[in-house]
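Please read this briefing beside the sequence and the model.

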Amino acid sequence: AAAAGVRSIGGGGGGASGEETMMLNVAFLPVSVLKFVSKSAPFKLMALEPYLAGDYVKHNDNTGRVETTQEVPQAFSHFSFEASDRLLCVCDIQGVGSFYTDPQIHSHDGEGFGLGNMGNDNG
């Protein structure tokens, strides 16, 4: 799990300046890949991850479109960009609550991270 600090400025009851800081946890589900060695298997590979009970929500997509008003997923995508010195951006944030699954990573050069990596030209 990653912890992200969120700062709220304004009418809150934080410090003397009215600032509040709270830590919010963001977690991506662990994923396993099974490789079938039997020639009679209907497929060769299978991805597995734990079941997420609850309402599944897509917060942002692979092209930069924001699909909810929740700020934590958007802040996490931005944090991933800044923390990597603007070399990577984790997007396609979706899941249940603060448990996310199936993210996409864009790299500055479009290399690695699968076919969904659009590099700097992401929409």
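What pLDDT does the protein average, and what percentage of the residues score at least 70? The average is 84, and 81% of the residues score at least 70, where pLDDT is the predictor's confidence in each residue, from 0 to 100. This is a predicted model, in which local features need pLDDT of at least 70 and side-chain atom pairs count only at pLDDT 80 or more, whereas totals for chains, interfaces and linings use all residues. Residues are numbered from 1 along each chain as its sequence is written, and side-chain values use heavy atoms, with hydrogens and water left out.

**Confidence along the chain**

- Helices (H or I, at least four residues) and strands (E, at least two) are DSSP runs, numbered from the N terminus.
- Among the elements of the protein, the lowest mean pLDDT, 45, belongs to strand 1 (residues 2-9), and the highest, 97, belongs to strand 5 (residues 57-58).
- Over residues 3-14 the pLDDT stays under 50, and for these residues the model has 26 contacts beyond four places in sequence, a contact being heavy atoms within 4.5 Å.

- V26 lies in strand 2 (residues 19-28), and V26 counts as buried because its relative accessibility is 1%; the classes are buried under 20% relative accessible area, exposed over 50% and partly exposed in between, with a 1.4 Å probe and protein chains only.
- V26 and V72 are 46 residues apart in sequence, and their C-alpha atoms are 8.3 Å apart in space.

**Salt bridges**

- The whole structure holds 4 salt bridges, each defined as a side-chain nitrogen of Lys or Arg within 4 Å of a carboxyl oxygen of Asp or Glu.
- One of them joins D92 and K58, whose closest N and O atoms are 2.4 Å apart. This pair links distant parts of the chain, 34 residues apart, with D92 in the loop between strand 6 (88-91) and strand 7 (94-96) and K58 in strand 5.
- K58 counts as partly exposed because its relative accessibility is 30%, whereas D92, at 12%, counts as buried.
- D61 and R65 form another salt bridge, with an N to O distance of 2.8 Å, and the side chains of E67 and R65 also meet in one, at 3.9 Å from N to O. Through these shared partners, D61, R65 and E67 are joined into one network of salt bridges.

**Cysteines**

- How many disulfides are there, if a disulfide is a pair of cysteine sulfur atoms within 2.5 Å? The count comes to 0 disulfides.
- A disulfide is a covalent bond between the sulfur atoms of two cysteines. The sulfur of C89 has its closest cysteine sulfur in C91, 5.4 Å away, and is therefore too far for a bond.
- Both cysteines of this pair are buried, C89 with a relative accessible area of 19% and C91 with 6%.

**N60 and its surroundings**

- N60 is found in the loop between strand 5 and helix 1 (71-83), and N60 counts as buried because its relative accessibility is 4%.
- The side chain of N60 reaches the backbone nitrogen of D92 at 2.9 Å, and a polar atom of that side chain lies 2.8 Å from the backbone nitrogen of I93. A polar contact here is a pair of N or O atoms within 3.5 Å; within protein, one must be able to donate a hydrogen and the other to accept it, and residues adjacent in sequence count only if both atoms are side-chain atoms.
- Leaving aside residues up to four places away in sequence, N60 touches R65, V66, E67, P73, Q74, S77, C91, D92 and I93.

**Positive phi angles**

- D92, which sits in the loop between strand 6 and strand 7, has a phi near 60°, a positive value in a residue other than glycine.
- F113, in the segment after strand 9 (104-107), has a phi near 65°, again a positive value in a residue other than glycine. F113 counts as partly exposed because its relative accessibility is 44%.

Key
Disulfide = S-S within 2.5 Å.
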